[in-house]
Amino acid sequence: MAPIITIERHILDQQRLYPDSTGAFSQMLYDIALSAKIIARETTRAGLVGILGASDDHNVYGEQQQKLDLFANDMIFKMNDHTGRLCAMASEENDTLIPIPAQFKTGKYVLLYDPLDGSSNIDVNVSIGTIFSVHRKISKGDQGTLEDALQPGRRLAAAGYVVYGSSTMMVYSAGNGVHGFTLDPSVGEFLLSHENIRVPNTAKYYSANQGYEKYWTPGVRRFTKWLQGIEGEGREPLAHRYIGSLVADFHRNLLRGGIFYYPGDMQKRTEPAGKMRLMFEAQALAFLADQAGGYASDGVGNILDIQPHDLHQRVPMFIGNRDLVVTAETYIRNYDQDWVKAYTAFREKQAVFSG
Ligand code: AHG
Ligand code: MN
Ligand code: MN
């Protein structure tokens, strides 16, 4: 029988690679795994316990929050506020940096998270997820500051996601490859099921909300035709799959090969930066893609190199097989000069506003 490796054992084995480690980092990953198990339990019971349905609150983006969003948000916070491992947290559902309560000790990491991703899919029983990432504290003093949170993705200490699908999986990287664990509900443990995930060389899928093609730039439309084998050298078309939960779309493409994109447009939204949140979605998945041999771009360059200036800033995203993402960049460079100018100017303006 092959050895059964729990997420705890795997994290501890990884920790042994760093003899100077205090273990705080490993414990933190384990706390995240525990929060994931509790959220998974609520997700599967959602219809039974009357937790389904929209609450009256709206988040900073003006979107209606689902009750399960609030539950997940609270759960992750409560599991991590008292451990002494974090100096601050930041969540897609909170306007500002979340301080560690005064009665608890602080530590040297910042946790950023999207507690429930794909929340419009909760009520219809479609896969949803949680996304997290961890930056190291760089400021002085005990409490974390915005400076600690707003670091480029390149500097992440770890990132991962949980997908609540036909089974619950946690996938993470601490900079040493990407590893996937499947929750065995009968024993309540995440067991190593996907060791050292690599993006397959050949892509199978492209994933985008093509219903919004009308708002896309010419280059992105041509790129889509290229993926379909209509434009360019007449390649075999990729199949189109789109769930509308970023975690689930990314996860499928990570295992099967493909590209997910949510481009910036200049018509539907008031800014040319698309929909994905840099600090809660894009950085974490870009880090994982990079660790798995893939690539994530905002259409102009590597998402991991973007210097953030706002917790809630948005970014266009093209993520998956490197060759496909590079081709998207080429189409944008060749056909979307106006958009590139507008996007570059927008980013510069934002950077000035944030000082
Ligand atoms: P969230 O539920 O955290 O707000 O994220 C929703 C995101 C993401 O999960 C998904 O890929 C995307 O929104 C779907 O957007 P469209 O419905 O515009 O396609
Ligand atoms: Mn999300
Ligand atoms: Mn969310």
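Domain bounds are taken from an automatic or database domain assignment. The structure is a predicted model, in which local features need pLDDT of at least 70 and side-chain atom pairs count only at pLDDT 80 or more, while totals for chains, interfaces and linings use all residues. Residues are numbered from 1 along each chain as its sequence is written, and side-chain values use heavy atoms, with hydrogens and water left out.

**Exercise 1.** State how the protein chain is divided into domains, and describe the contact between them.

*Solution.* 
Step 1. The assignment gives domain 1 (7-194) and domain 2 (205-354).
Step 2. The centres of domain 1 and domain 2, taken over C-alpha atoms, are separated by 24 Å.
Step 3. With contact meaning heavy atoms within 4.5 Å, 49 residues of domain 1 touch 33 residues of domain 2.
Step 4. Buried area is the accessible area (1.4 Å probe) that two parts lose on being put together, summed over both. Between domain 1 and domain 2 this area is about 3,000 Å², and carbon and sulfur atoms give 62% of it.
Step 5. Of the area that domain 1 buries against domain 2, Leu-150, Arg-154 and Tyr-161 supply 22%, more than any other three residues.

**Exercise 2.** Determine how helix H2 and helix H3 are oriented to each other, and which residues make their contact.

*Solution.* 
Step 1. Helices are DSSP runs (H or I, at least four residues), numbered from the N terminus. H2 covers residues 24-45 and H3 covers residues 67-80.
Step 2. Axes are lines fitted to C-alpha atoms over the stretch in contact, and angles run from 0 to 180 degrees between N-to-C directions. For H2 and H3 the angle is about 155°, and the axes are 9 Å apart.
Step 3. Angles under 35 degrees count as roughly parallel, over 145 as roughly antiparallel, 65 to 115 as roughly perpendicular and the rest as oblique. H2 and H3 are therefore roughly antiparallel.
Step 4. The contact includes Met-28, Ile-32 and Ile-39 of H2, together with Leu-68, Phe-71 and Met-75 of H3.

**Exercise 3.** Classify the orientation of helix H5 and helix H8.

*Solution.* 
Step 1. H5 (residues 218-227) and H8 (residues 322-335) pack at about 140°, with axes 8 Å apart.
Step 2. H5 and H8 are therefore oblique to each other.
Step 3. Among the residues that meet are Val-220, Phe-223 and Trp-226 in H5 and Leu-324, Ala-328 and Tyr-331 in H8.

Notes. Chains lettered and ligands numbered in written order. Helix = DSSP H or I, 4+ residues; strand = E, 2+ residues; numbered from the N terminus.
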